[in-house]
Structures are given as structure tokens and as C-alpha cells.
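Have the sequence and structure open as you read.

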Amino acid sequence: MLGEGVVMNLSVTDDAKRFNTPPLQGRGRGWGRSANTIAELSERARHMRNNPTEPEKRLWRALSNGQASGHKFRRQAVIGRFIADFVCPQKGLIVEVDGDTHDEAKDRLRDDIMAKFGFRVLRVSNHDVMANLAGVFDAIVIALAEASDCWERPHPNPSPEGEGLEQSEAQKLLEISLEGTVG
């Protein structure tokens with residue numbers, strides 16, 4: 001993990017990521033963080049993904065691959081100056097797995113900040129995950145069902161796998177015509 005005051009030299013690619021990636025990923029102008037802070041948070045999140053706690057492992061097995069009613073989750077996602085345990089971007093839902101060391105006052109402040117970013121935080125304890133994973137999973141599915149979608153339609157820039165808007169929908173949304181273009 002990087003210490004305080006460590007200056008990171010970013011490559012041209014990393015610097016480009018800082019300005020050209022969506023803010024949900026915690027990089028770029030969206031969160032208003034310096035390149036060094038972004039790099040530090042990203043490195044810390046990567047470390048946390050590579051070294052999850054046992055409750056986080058168990059919950060990830062239940063949430064990964066769209067098993068929660070088809071909703072996709074990211075784990076250890078950078079949001080602002082925080083790293084969220086699990087995030088469903090489509091529903092704006094964050095699931096935090098809390099151990100014995102969590103400070104309720106700090107958690108409340110963090111939840112309020114996340115709410116300003118448009119996220120709802122659902123907190124579950126390590127004990128609940130270990131003793132009642134099915135109940136925790138059901139609570140998450142209910143929270144997903146109650147939450148409205150953050151976006152009415154898929155992103156207009158489809159992923160390389162071909163997900164997203166159909167060409168005609170994208171043209172209409174972006175108010176463009178591709179007639180006469182090569183492609």
C-alpha cells in the first residue's frame with residue numbers, strides 16, 4: 001500500500017485515463033481528485049480486491065456474474081475518496097460489509113457523502129454474511145428491486161461485447177445520421 005506523501009509518476013496512458021474515463025470508475029474530472037490521489041486509491045482498491053476478507057469472498061460469490069436478479073456488481077470500486085466494497089452502478093446501490101472495527105459516526109458521514117453522489121448504502125455485518133448469507137442476499141435483492149434505475153436506457157457507447165443501444169436508438173439519442181458513412 002502506498003504511504004502518505006508518495007509522489008507517483010504517471011505514464012502518458014495513465015494520465016489519459018485520468019481525463020478520458022467515466023467518473024464512476026473514480027478517475028477523471030468526475031470526482032475532482034488529483035492524479036496521485038487517484039493512483040493511490042486505485043492501488044489500494046486493487047490490493048483490497050486481491051486480498052478480500054472471508055465474508056467479502058462469500059458475498060462476492062453470491063453477487064458475481066449477475067446472480068442477483070441479473071444485476072451486475074463491481075467490488076472494491078473507487079467512488080470519490082472512498083472505496084466501496086460492492087457497487088451496482090445501474091441501481092446506485094453500494095453494499096458495505098462491516099467488521100468489528102467500523103465507526104458508526106464515520107460510516108454515517110460516509111453514507112451521507114455517497115448519497116450526494118446518488119448512491120444508497122446497504123450495510124451488512126461480517127457476522128450476518130457468515131451466519132446468514134441467504135438472508136443477506138435476499139436483503140440485497142429486495143434493495144435492488146426497490147431502487148430505480150440510474151439510467152433509463154443502456155449507455156449510448158456500447159461495450160466491445162456489443163451490449164448497449166441498437167444503432168437506430170443511438171442515432172436518435174445522439175441526433176446524428178450515419179447515412180452515407182462507411183462502416
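S69 counts as exposed, at 53% relative accessibility. Buried means under 20% relative accessible area, exposed over 50%, and partly exposed in between (1.4 Å probe, protein chains only). S69 sits in the loop between α3 and β1 (74–79). Its phi is positive, about 55 degrees, although S69 is not a glycine.

Q76 also is not a glycine, and has a positive phi of about 50 degrees. Q76 lies in strand β1. At 4% relative accessibility, Q76 is buried.

## Basis of the model

This is a predicted model: local features need pLDDT of at least 70, side-chain atom pairs count only at pLDDT 80 or more, and totals for chains, interfaces and linings use all residues. Residues are numbered from 1 along each chain as its sequence is written, and side-chain values use heavy atoms, with hydrogens and water left out.

Helices (H or I, at least four residues) and strands (E, at least two) are DSSP runs, numbered from the N terminus.

## The aromatic pair

The structure holds 1 aromatic pair. W60 and F86 are stacked, at 6.0 Å centre to centre and 15 degrees between the planes. Rings of Phe, Tyr and Trp (its six-membered ring) pair if their centres lie within 6.5 Å; planes under 30 degrees apart count as stacked, over 60 as edge-to-face and the rest as tilted.

The pair links distant parts of the chain: W60 is in helix α3 (residues 54–63) and F86 in strand β2, 26 residues apart. F86 is buried, at 1% relative accessible area. W60 is partly exposed, at 23%.

## Helix α2

α2 has 16 residues and reaches 22 Å from first C-alpha to last, close to the 22 Å expected at 1.5 Å a residue. The expected span is 1.5 Å times one less than the number of residues.

Which residues of α2 are buried? They are A35, I38, A39, L41, S42 and A45. They cover an arc of only 165 degrees around the axis, so they lie on the same side of α2. The arc is that of the directions from the helix axis to the C-beta atoms.

## The second largest pocket

R44, M48, I83, H102 and R110 lie nearest the centre of the second largest pocket, among 25 lining residues. α4 gives the most to this lining, with 4 residues.

A pocket is an open set of points on a 1 Å grid over the protein atoms alone, where a 1.4 Å probe fits, with protein on both sides within 12 Å along at least five of seven lines; lining residues have an atom within 4 Å of a point.
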